[in-house]
Amino acid sequence: MQMQTLTLRGGVPSARRAAPPQASSAHLAASWPCLLRVPRSLRRRRPRSLRASASLEQEVKEVAPAPSAGKSSQATRRDVRNIAIVAHVDHGKTTLVDSMLRQAKVFRDNQVVQERIMDSNDLERERGITILSKNTSITYKGTKINIIDTPGHSDFGGEVERVLNMVEGVLLVVDSVEGPMPQTRFVLKKALEFGHAVVVVVNKIDRPTARPEFVVNSTFELFIELNATDEQCDFQTVYASGIKGKAGLDPENLADDLGPLFEAILRCIPEPRIEKDGALQMLVSNTEYDEHKGRIAIGRLHAGELQRGMEVKVCTPDDSCRVAKVSELFVYQNFSRVPVEYVGAGDICAVCGMSDIMIGETIADKVTGTPLPTIKVEEPTVRMSFSINTSPFVGREGKYVTSRNLRDRLYRELERNLAMKVEDGETADTFLVSGRGTLHLTILIENMRREGYEFMIGPPKVINKTVDGKTLEPYEIAAVEVPEEYMGSVVELLGKRRGQMVNMEASGPEGTTLLKYKIPTRGLIGLRNAILTASRGRAILNTIFDSYGPWAGDLSSRDQGSLVAFEDGSTTSYALLNAQERGVLFVQPGQDVYKGQIVGIHQRPGDLAINVCKKKAATNVRSNKETTVVLDEPLSYSLDDCIEFIQEDEIVEVTPASIRMCKNPKISKKK
């Protein structure tokens, strides 16, 4: 009998098995179900290679370990699949998970379920984006599928990076019209670095302007650009409509449910590889907090078994260990955590009883346990200063106002937000907080103000590097989708921000153009509002960190100054009527203001101090007609808008009930 050596990917050692003589192409197609899924137009562009699929791995129950592996043997768990759903923002990840949960009979037939059930956080539902990674699971044909829904915005890339440690494969969701976008590139790059299997889901296939062939071609090109292996390039493509709950292997022939997608997961996502008899090892990839249970550690069990009540060793990356006890143990079943007595290797679980456990630490065997490699995420690129509130209105609306309260809250955020850093500032009441982008920091600020904190924040600044005596600054790839009639204004705006055009192409038959620029991170601050103004609100801006590059030179992000309150008091209609001739106001009559508060945008460069509290003398009243004052509608700025608006000498006052901007008194005194 002829013998043939097949090398299994994804960490599976080589296994020898017999090859049938003169195997036909039909037999090969049946034996390799994840192959030949790329459209024919793509197969001619790159030589096809055979990939070890999940069906072959199902035949391998146990594999003999290498001599250096000791006595433990490796095995696979056939009853579990661990996947993460990754995509660019607004490509339909969470909606697709909703349909998967419904069709897996997670909810009762008469149960009322809200849309985007995985977006349980208030901010997530308000903004329509996913901010935190969340776990759930479904059961399909006797196989448990652990699903992790991840954020799509580039500022929350740290959430994606750390959950990839818990899975063996990813569902890469791509919009059927837009195709791969900046964040698609980021999440795919990370998945390929981990060696994960990738199933491409072309979502929103029911859109009238869908172009599936273009999207698959673009995705294939992205695989090539990211140096994917031949095996990874032979990806399975599934076409789906997440909102309708339909999927299929052909865009013109969708099934009535998501069955083809579930089958692709079982067929193409590898089974968990575990150390069957190895010592306990579980890397903590996420943490949650419960008022009754305390801190909950979440991760995948890599080896051994975990039991409720057992004593374990918590190991840190620097090899310092401490003993702890598992008080409660949970697994994810459908849409909830279910208490269990025992968890086997390969499954994702939640562990209680360790009040001081941190992300990146390892729960190991009490006697022979060793730490796993810790989680590494990319460095932050933007920094902002947080300080106590020093305005005349301090303490009116907030519950936590001291520097100790602020310090404790910021350092508590580091326990679960690995992509964020906190440093002490120049004074005892100032802290420097670094993150992936302004949105990353804005979400933290919004959460803190809802918790009752009152503080001040400075303008965002990029984090530069010095290499060989040269200053390098972060650059990002900005993708702007804009209607053709507004393209000139947007191109001019990006040019002023030191942006360099990388690509320009038509974006579908909707009369829009996709512009790709490489632009300094400094130039992105305040750019979103400027682009929306230039395009009458019809442009879409997406960004992703690219690399560090040479300093691009000075650039101006704001051409107009601020209108600053002249004195403390309450605003009057009489004063605002005169003030609105100087620019656009933020305040309305009867609103308390203080000296130095920014009350509007000056129509010219430079700041202007105005009196918005002046009252009309009673002796000047001639008739009732003159007392009628018609004022323009004041401009309402959100927290994100205020952070993008302020300059170097300005700060934002954040309280649970108000957001105000003012001149920085420390810088004003220096001047």
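Reader: How many residues has helix H12, and what does it reach from first C-alpha to last?
Author: Helix H12 (residues 438–450) has 13 residues and reaches 18 Å, close to the 18 Å expected at 1.5 Å a residue. The expected span is 1.5 Å times one less than the number of residues. This is a predicted model, where local features need pLDDT of at least 70 and side-chain atom pairs count only at pLDDT 80 or more, while totals for chains, interfaces and linings use all residues. Residues are numbered from 1 along each chain as its sequence is written, and side-chain values use heavy atoms, with hydrogens and water left out.

Reader: What comes just after H12?
Author: Gly452, with a positive phi of about 105 degrees.

Reader: Which residues of H11 meet H12?
Author: Leu406, Arg409, Leu410 and Glu413 in H11 meet Leu444, Asn447 and Met448 in H12; contact means heavy atoms within 4.5 Å. By class, that is four nonpolar, one polar and two charged residues.

Reader: Now H13 and H15. At what angle do they pack?
Author: About 155 degrees, with the axes of H13 (residues 487–496) and H15 (residues 527–534) 9 Å apart. H13 and H15 are therefore roughly antiparallel, the term for angles over 145 degrees.

Reader: Which residues make the contact?
Author: Ser489, Val490, Leu493 and Leu494 of H13, and Leu527, Ala530, Ile531 and Ala534 of H15. Seven are nonpolar, one is polar and none is charged.

Key:
Axes are lines fitted to C-alpha atoms, for helices over the stretch in contact, and angles run from 0 to 180 degrees between N-to-C directions. Helices (H or I, at least four residues) and strands (E, at least two) are DSSP runs, numbered from the N terminus. Angles under 35 degrees count as roughly parallel, over 145 as roughly antiparallel, 65 to 115 as roughly perpendicular and the rest as oblique. Ala, Val, Leu, Ile, Met, Phe, Trp, Tyr, Cys and Pro count as nonpolar, Asp, Glu, Lys and Arg as charged, and the others, Gly among them, as polar.
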